[in-house]
Amino acid sequence: MTTRQPEVDAAAASGPPSLMDRAKERLESLGALSRMTGQVFSRAVRPPYDWRGLVYHTESLGVRSLPIALLTAMFAGLVISLQFGYFLSRFGVQYTVGRVVILTLFRELAPVLTALTVGARIGSGIAAELGAMTVTEQVDAIRALGADPLRKLVVPRVLACLIVMPVLTVFADVVGLVAGGLVVNFQYAITLNLFFQGALDAVLMPDFASGVFKGAVFGLIIGLVGCFRGLTVEGGTEGVGRATTQTVATTSVSVCLADFFITQLTLNL
Amino acid sequence: MRSSSSPASEFAFQPPRPGEQLIYFEHLTKAFGAKHVYDDMDLDVRAGETLVVMGGSGTGKSVLLKCLIGLLSPDTGRILFQGHDLTRFTEEQFMPVRRHVAMVFQGAALFDSLNVGENVAYPLREHFPDMPADEVRARVAEKLALVDLPGTERLMPSDLSGGMRKRVGLARAIATEPEVILWDEPTTGLDPVTTQSINVLINSMKTRLGCTSIVVTHDMVSAFTVGDRIAMLANRRIVQVGNPREMLHSTVPEVRAFLDARRVELFPGGAP
């Protein structure tokens with residue numbers, strides 16, 4: 001884990017960083033994040049396990065994120081069902097809308113939209129909380145009092161994200177599908193029975209599993225990036241603000257990148 | 001000065017004789033990027049004394065404490081604690097050291113999500129996981145009483161004033177009954193009355209618990225009140241160490257400048 005620079009502002013001693021310095025800084029950050037990831041995994045599998053912390057963070061990150069996740073999923077289901085219903089009706093095959101909607105939702109929209117909306121909330125929240133602890137020396141105090149900040153602060157949060165995101169993805173699948181079924185029933189007079197029958201005929205276990213797997217990977221990214229940004233905050237409260245913004249940007253880009261590669265992987269399986 | 005150092009795995013605190021060398025910062029060098037904080041800096045700390053490290057802002061006073069407790073690492077040089085070279089210790093090897101060396105942070109660094117009692121109990125649960133809950137409660141109550149805050153276990157850190165936070169920070173630091181207490185700017189930001197009460201507390205830790213203290217401060221009144229010896233940190237090294245009387249009559253330019261600046265601050269129209 002990196003340590004901060006108390007009292008001494010080294011950055012003030014030099015001029016603005018060059019492009020090369022920035023690239024080097026990014027690479028160093030990536031290296032430190034990779035190192036932290038390894039340390040988190042090695043601590044997560046070794047006792048003692050902090051079950052209380054895990055339950056607390058799963059509840060605080062997951063349950064409180066449920067409304068935003070469900071709302072996003074509902075509107076995603078409504079919009080794609082309207083869109084697909086409209087275009088499929090041009091070819092006279094609007095009865096297949098359930099098949100298209102379920103595949104789009106399960107494989108792509110539910111995990112990605114959940115990660116982008118809920119992930120921004122969870123990741124920035126973690127970065128702000130740990131960042132505030134870092135600048136007020138609470139993280140240093142944990143070490144000075146004989147505890148391990150990675151075990152105490154990072155492991156339960158990362159594991160909670162790993163649990164919460166796939167679960168929220170499943171909820172998003174269901175809510176999006178129900179919302180889609182209702183809107184096409186109202187708009188295109190497709191019965192709910194026809195919609196859901198078509199949907200269930202089209203979807204296979206790998207379609208569902210790939211979405212849940214994506215949720216787990218996105219959860220891991222969100223937890224790790226949020227914790228890393230929080231623990232490496234520099235520059236007081238201004239630094240905390242910067243860390244939360246950077247967390248949203250980094251998690252969003254990382255989720256999109258990871259989505260591309262996981263899609264490639266799961267389509268080829 | 002101890003010339004040899006033992007492997008970290010053998011670390012075990014030996015009760016020192018009063019006055020014997022306990023800690024030795026040897027040829028310490030530390031830089032943050034282009035900013036050099038220490039350059040071949042030496043300093044020794046004796047058992048049972050209160051050593052005050054004085055210096056201006058940004059001279060690296062807090063860095064010294066953080067290097068000693070393993071929160072930062074020096075670039076070169078050694079930090080010998082009873083002959084053990086702490087600079088060779090890993091994070092895990094530092095754990096037993098932190099049972100004997102505790103730190104009171106500048107802003108107290110209390111955990112916001114825990115109440116006062118849980119904050120004070122924190123190091124006990126880490127260092128003595130098998131300690132019965134009753135004993136933990138009793139130890140917490142005892143330490144809070146020692147810092148004149150009895151019965152405050154259920155208060156949250158946000159309910160406390162600056163001086164109370166520092167006291168709780170001290171109660172947490174002494175919960176494991178350490179032999180060395182590191183004080184990072186203990187009186188900064190406090191009113192004169194609270195400052196004096198903190199000074200009394202620092203002195204009482206020596207008389208009641210027999211602790212060795214290293215106090216980092218730029219508050220001269222506090223330094224001369226609590227210090228058995230005072231070390232002046234300037235220009236990346238310790239420029240003078242001496243008892244308060246020696247420091248008051250120092251002819252070392254950096255010490256003189258510090259003392260005179262404080263005198264002007266206290267008596268702008270000239271010292272009475």
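Predicted model: local features only at pLDDT ≥ 70, side-chain atom pairs only at ≥ 80, totals over all residues.
Residues are numbered from 1 along each chain as its sequence is written, while chains are lettered from A and ligands numbered from 1 in the order in which they are written.

Let's start in chain A, where helix H4 (residues 97-135) packs against helix H6 (residues 149-188). Helices (H or I, at least four residues) and strands (E, at least two) are DSSP runs, numbered from the N terminus. The angle between H4(A) and H6(A) is about 145°, and their axes lie 7 Å apart. Axes here are lines fitted to C-alpha atoms over the stretch in contact, with angles running from 0 to 180 degrees between N-to-C directions.

Now turn to chain B and its strand E7 (residues 180-184), where five of five residues are buried (20 or more other C-beta atoms within 10 Å of a residue's own, with C-beta atoms placed from the backbone). Val180(B), Leu182(B) and Asp184(B) point one way from E7(B), and Ile181(B) and Trp183(B) the other way.

E7(B) also has partners (strands pair if DSSP finds at least two bridges between them). Four bridges join E7(B) in parallel to strand E6 (residues 101-104) of chain B, and Leu182(B) is the bridge partner of Met103(B). Five bridges link E7(B), again in the parallel sense, to strand E8 (residues 212-217) of chain B; here Trp183(B) stands opposite Val215(B).

Methods. Buried ≥ 20, exposed ≤ 12 C-beta atoms within 10 Å, placed from the backbone.
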